[in-house]
Amino acid sequence: MNLLLLCVLLATMLFSVKAQAANRIEFTGVTLERRQNIELYLSAISPAQINKSARFKNRVAREIKQALRGLGYYQVLIEFEDKSDGKDYVLLAKITAGKYVFIEVADLQLNGEAVRDAEFLALQKAKAPRKGERMHHGIYEDYKKALLSLSHRKGYFDAEFSRAELEVTPGDRRGKMHLHFQSGPRYRFGEIKFVGGQIRDARLQTLLPFKSGDFYSAERLAKLSQNLANTLWFGSVDLIADPDNRKDGALPLTIELQPAVKNTVETGIGYATDVGARIKTSWFKPWVNDRGHSLNADLALSQREQYLETSYKFPLRDVANDYYQLSFGYKNKDLLDTDSTSYNLKGERHWLLSNQWQRTLSLRWLYEDYVQGAQRDTSNLVLPGFAFSRNRDTGGSMPLDADNYLLSVEAANTSWGSDTDFVRLYGRAGWIGSFSEDQRWLVRLDAGAILQEQIANIPPSLRFFAGGDSSLRGYGYQTLAPVNDKQELIGGIRLATVNLEYQHRVKGDWWLALFTDYGSAWNDQPDWKQSVGIGARWASPVGPIRLDLAYGLDHEPNGRFRIHFTLGPEL
């Protein structure tokens with residue numbers, strides 16, 4: 001019996017709560033911004049609190065009037081009506097907002113060093129309320145916050161308002177706005193000190209985008225943090241520039257550093273339709289000595305390709321932008337009609353130019369022992385070269401805007417020890433854009449040429465082949481190239497391909513793609529191939545994962561479907 005009574009009481013309580021939860025406040029006479037602001041002010045009132053009492057209606061009236069005053073409406077009339085919707089109580093507020101109060105006097109002053117600061121003058125021009133405009137409290141408060149925010153970013157740490165008043169005469173709809181901003185002096189960077197790092201100070205100083213005595217700037221501090229992080233030398237970076245420590249117009253800066261882990265080893269198992277299953281191991285030593293030298297090694301094993309590549313990097317005086325790099329590589333490739341073993345020894349000099357282009361000068365020794373079709377040979381080449389590249393994007397696994405450019409030139413000549421003479425040109429350009437947050441497009445172009453008539457004098461690793469995940473989908477990896485009399489692939493001295501793709505977001509990080517690819521690798525005359533297809537994209541935490549079903553339109557005698565699976569950057 002007691003259990004039955006408890007159930008009845010619980011059911012009664014639940015029904016009562018449900019009934020109360022349906023009570024609501026409705027209002028008429030306002031739209032858009034005024035409605036939204038009233039809803040914001042009334043959001044603190046729960047349905048259970050809504051009732052017919054005069055005290056509650058007075059509370060609602062105060063909240064409505066306060067919400068409208070913030071938008072410049074001071075002559076507000078409110079009439080209440082009690083209504084019902086079934087068993088639900090509805091409090092209807094009929095609002096007459098009247099005409100807004102306008103700014104008769106806009107007494108907005110900038111004082112101190114900020115009066116000569118271009119950013120403050122631009123802010124005043126863009127955001128300051130003006131005479132004749134509506135007395136909008138939100139715009140007034142936003143302007144105040146913008147002044148203080150800019151002050152803190154630029155080092156005006158003594159900034160304050162000596163006067164901040166709003167005077168309103170509701171009867172004649174006139175208001176006076178007084179805002180006197182005292183910026184005080186702009187502080188400069190004082191003593192700059194590095195603490196706890198394993199890299200010598202002379203190297204670290206080159207990462208500073210400012211020096212002691214320069215004006216303080218939060219943007220410059222952010223740039224410094226980014227510069228330090230980009231070196232990969234440190235596990236953590238803490239910039240201590242506390243305004244409470246300012247003195248005599250200067251703010252000291254302490255940069256606390258903790259060294260990164262000395263050795264990082266990563267091992268992964270992956271799959272791509274071009275090379276099949278692959279095991280990859282990477283070893284990275286971010287700092288070898290106090291000069292910031294670093295060492296990296298990659299080993300990848302698959303059924304078709306195996307390679308080992310090591311590189312040693314040592315930065316120059318401008319650590320962030322200039323460095324030398326020495327690398328050695330070994331690669332074995334057994335694919336279709338290519339059986340090749342190659343060795344690379346390469347020295348590079350890198351510059352990051354002011355326009356964000358990366359310039360590279362290189363000298364490479366290449367030895368390759370190979371069988372290509374019916375040709376068995378060796379190649380010994382000394383290849384000086386240069387390259388320009390740039391990669392930009394808006395961030396994220398699948399950015400809405402990005403571009404990528406690469407142009408490289410290498411030359412061989414018997415006068416400096418090569419087996420033959422030629423010039424090899426290669427270029428790639430890619431763009432990603434968006435029509436909206438849910439629609440992306442991608443264009444990628446690849447082109448190359450070897451300035452020599454005889455393909456037989458060029459080792460396979462420098463010849464051009466088309467087809468595969470990042471070339472022409474719908475065709476096998478490197479299956480599109482000239483052939484010999486036995487229909488064995490020999491490669492080409494010309495290359496041109498284009499990829500066009502449209503993507504539409506299905507849900508969250510999932511996208512649907514439609515694409516077409518077109519291109520050829522050739523010696524005398526191009527044999528153009530085309531494919532079309534559909535695919536899925538997932539913006540995973542480790543990068544975009546792409547699954548494509550492509551149809552090669554120019555397979556003989558009929559077209560053929562191929563599935564392509566890839567992981568990594570789209571450009």
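**A mixed sheet and a helix pair**

Three strands make an open sheet, ordered β4-β6-β5, with mixed pairing. Strands pair when DSSP finds at least two bridges between them. This is a predicted model: local features need pLDDT of at least 70, side-chain atom pairs count only at pLDDT 80 or more, and totals for chains, interfaces and linings use all residues. Residues are numbered from 1 along each chain as its sequence is written, and side-chain values use heavy atoms, without hydrogens and water.

- Thr-169 has Arg-174 of β6 as its bridge partner.
- α5 packs on the sheet and touches β4, β5 and β6; contact means heavy atoms within 4.5 Å.
- The direction of α5 makes about 5° with that of β6.

**The helix pair**
- α4 (residues 118-127) and α5 (residues 137-154) pack at about 165°, with axes 11 Å apart.
- α4 and α5 are therefore roughly antiparallel, a term for angles over 145 degrees.
- From α4, the contact includes Phe-120 and Leu-123; from α5, Tyr-143 and Leu-147 are among the residues.
- The contact residues divide into seven nonpolar, two polar and three charged.
- Ala, Val, Leu, Ile, Met, Phe, Trp, Tyr, Cys and Pro count as nonpolar, Asp, Glu, Lys and Arg as charged, and the others, Gly among them, as polar.

How values were computed
Axes are lines fitted to C-alpha atoms, for helices over the stretch in contact, and angles run from 0 to 180 degrees between N-to-C directions. Helices (H or I, at least four residues) and strands (E, at least two) are DSSP runs, numbered from the N terminus. Angles under 35 degrees count as roughly parallel, over 145 as roughly antiparallel, 65 to 115 as roughly perpendicular and the rest as oblique.
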